[in-house]
Amino acid sequence: MSTAQRYLDSFPPGVEEFAIEGLDSLDVPLHSAFLSSSPAHPGGSGLGYGATREEARTGALGEMAEMALSIRAHAGLDRVHGSYRELARTEGRDRVADPRTLCLEAGSLYDDDRPLQWLPMTRTRDGEQVLVPAELVVSAPEELPGDPPPGGWLTTVLTNGQGAAFDADRAVSHALLELLQRDGNATTFRALDQGVVLDLAGLRDPDALALLDRLDAAGIDVLVKLASTEHGVVDVYAVGCSRDGSEPAPMMVTACGEAASPDRDAAVRKALFEFAAARSRKAFMHGPLDAVAAATPPGYLDQWLRGHPPERMVEEDRALQAMLAWTRLGTDRLVELLQGSVLSRRRTVALTDLPTRSAGDPVGALTAEGFDVLVDLQPSRGEAVAAKVLVPGLEAETMSYGRIGERGVQRLLEREGPGAGLAVVGADPGGWARVHLTAAAEERLGGPAWFDRAGADRVVGALYALYREPGRHVAALAAA
């Protein structure tokens with residue numbers, strides 16, 4: 001039985017899936033899968049890519065499983081109510097995650113007496129249950145029905161740290177590598193791109209090499225860039241555009257592929273295929289509806305728009321407005337917008353100088369470094385299982401939502417070039433946002449830390465749509 005069929009057998013009948021074709025002359029396989037909401041299942045959707053049609057199909061169904069199983073697991077779950085101080089006293093301090101370790105938004109209203117809602121996760125090192133703020137456990141707003149706590153949610157709900165597979169360990173590893181990928185590039189790419197380009201001499205993966213040849217033949221220059229090698233993983237991303245501005249849709253020049261793996265060749269392969277497929281994905285998600293209709297089966301667009309009202313697909317107005325601004329720019333203007341950051345070249349690192357190993361245990365590696373790995377498993381009615389993973393101390397969404405912790409502050413303090421000066425330790429420079437840190441973290445840094453949120457917004461500027469995107473077809477509807 002194929003991997004795709006095992007995913008299908010884990011859900012009720014009615015999964016709609018199809019290849020998305022014809023949006024890009026490169027036409028790297030891109031696949032869509034979605035299960036409409038029904039009394040039998042809340043449903044979900046996914047997009048997948050790969051070297052083959054079957055690999056792309058499997059990826060789409062896996063991403064659909066991540067969304068659908070998370071919604072199914074949490075939408076009706078009772079949540080614990082109380083402040084961190086109350087629960088630490090009643091449950092034990094080691095059974096409640098300290099929000100100050102979870103990369104909160106700098107300057108947000110938080111103290112240990114703030115009422116929150118909590119859900120349980122499992123700590124891998126000892127199997128104990130740990131309560132975590134609910135908005136950091138779920139992956140979609142609809143998983144939090146009912147009223148928020150009196151002061152509102154701590155931060156925006158994100159999908160970061162999700163994985164799906166047919167056994168728990170693989171689902172957790174998949175989710176954890178996503179966390180490490182985003183921790184590694186939180187302040188080193190997009191608007192803060194450090195311009196570290198990989199020399200790919202010595203790359204051995206045959207699929208990656210074949211794709212590089214296809215890109216070159218199509219006149220597309222691609223840069224594979226290094227974000228980090230922390231925690232024993234190689235964290236890379238791929239960006240690029242055509243040499244002559246001939247993209248079928250201008251949005252394609254903003255395509256990016258990200259990957260993190262202990263195997264440097266595997267990381268490069270994933271980043272390259274995600275980049276190549278992202279050219280079509282950008283046009284599919286945000287391009288004109290007539291082009292989408294031509295690239296999808298008859299009836300798809302009407303069915304999707306009937307079943308997914310636009311207001312449910314927009315995560316935030318800022319993301320929609322940023323994407324709409326992009327749709328009004330031509331290819332040349334978009335490339336110009338990216339030249340000083342995304343497409344920059346400041347130094348070169350040899351791929352063969354990066355660490356690599358063919359296999360690894362990211363959970364064990366992080367635990368050995370002193371991190372706690374918290375897991376929420378979400379079973380299906382079949383073999384598929386999804387996981388949401390949270391690691392206190394890892395960084396995420398610094399330049400989009402101002403989320404930053406101790407390690408993020410330290411990185412910015414050491415930064416030279418893009419991002420330098422956005423964090424300081426000591427006295428408030430005047431109007432900056434205080435970073436939420438434990439007393440121990442402030443002692444290690446040498447005092448309270450401050451993040452220049454207004455400065456970060458200025459740096460991001462017109463590049464915000466690189467960080468957050470509206471849902472499928474929302475920008476096209478809004479522009480119509």
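Guide: The face of H3 turned away from its buried side carries two exposed residues, Arg-89 and Thr-90. This is a predicted model, so what follows describes computed coordinates. Helix H3 covers residues 84-91, and its buried residues are Tyr-84, Leu-87 and Ala-88. Viewed down the axis of H3, these buried residues fall within an arc of 105°, so they line one face of the helix. The packing partners of that buried side are three strands: S4 (80-82), S5 (116-123) and S6 (129-133). Just after H3 comes Gly-92, which has a positive phi of about 105°.

The chain around this helix comes next. Its secondary structure amounts to 17 helices and 17 strands. The radius of gyration is 22 Å, close to the 23 Å that the globule rule gives for 480 residues, so the protein chain is as compact as a globular protein of that length. The C-alpha trace spans about 60 × 55 × 45 Å along its principal axes. Of the 480 residues, 57% are buried. Taking contacts between residues at least 6 apart in sequence, 68% join residues at least 24 apart. The protein chain has an accessible surface of about 19,400 Å², and carbon and sulfur atoms account for 49% of that surface.

Aromatic side chains give a further set of reference points. The structure holds seven aromatic pairs. A cluster linked by ring pairs takes in Phe-18, Phe-34, Phe-284, Tyr-300 and Trp-304. Arginines also lie over ring faces. Arg-6 is placed over the face of Phe-166, 4.1 Å from the ring centre, and Arg-190 is placed over the face of Tyr-467, 5.3 Å from the ring centre.

Arg-243 sits between strand S10 (234-242) and strand S11 (256-261). With a relative accessible area of 46%, Arg-243 is partly exposed; the cut-off for exposed is over 50%. Leaving aside residues up to four places away in sequence, Arg-243 touches Asp-216, Gly-219, Ile-220 and Asp-221. For one of these, Ile-220, the separation from Arg-243 is 23 residues in sequence and 5.9 Å in space, C-alpha to C-alpha.

To return to the helix: Tyr-84, Leu-87 and Ala-88 are the buried residues of H3, while Arg-89 and Thr-90 are exposed on the face turned away from them.

Conventions
Residues are numbered from 1 along each chain as its sequence is written. This is a predicted model: local features need pLDDT of at least 70, side-chain atom pairs count only at pLDDT 80 or more; totals for chains, interfaces and linings use all residues. Side-chain values use heavy atoms; hydrogens and water are left out. Buried means under 20% relative accessible area, exposed over 50%, partly exposed in between (1.4 Å probe, protein chains only). Helices (H or I, at least four residues) and strands (E, at least two) are DSSP runs, numbered from the N terminus. The arc is that of the directions from the helix axis to the C-beta atoms. Contact means heavy atoms within 4.5 Å. Rings of Phe, Tyr and Trp (its six-membered ring) pair if their centres lie within 6.5 Å; planes under 30 degrees apart count as stacked, over 60 as edge-to-face and the rest as tilted. A charge sits over a ring if NZ of Lys or CZ of Arg is within 6 Å of the ring centre and within 35 degrees of the ring normal. The radius of gyration is taken over C-alpha atoms; the globule rule is 2.2 Å times the number of residues to the power 0.38. Accessible areas come from the Shrake-Rupley method with a 1.4 Å probe; for residues, only the protein chains shown count as cover.
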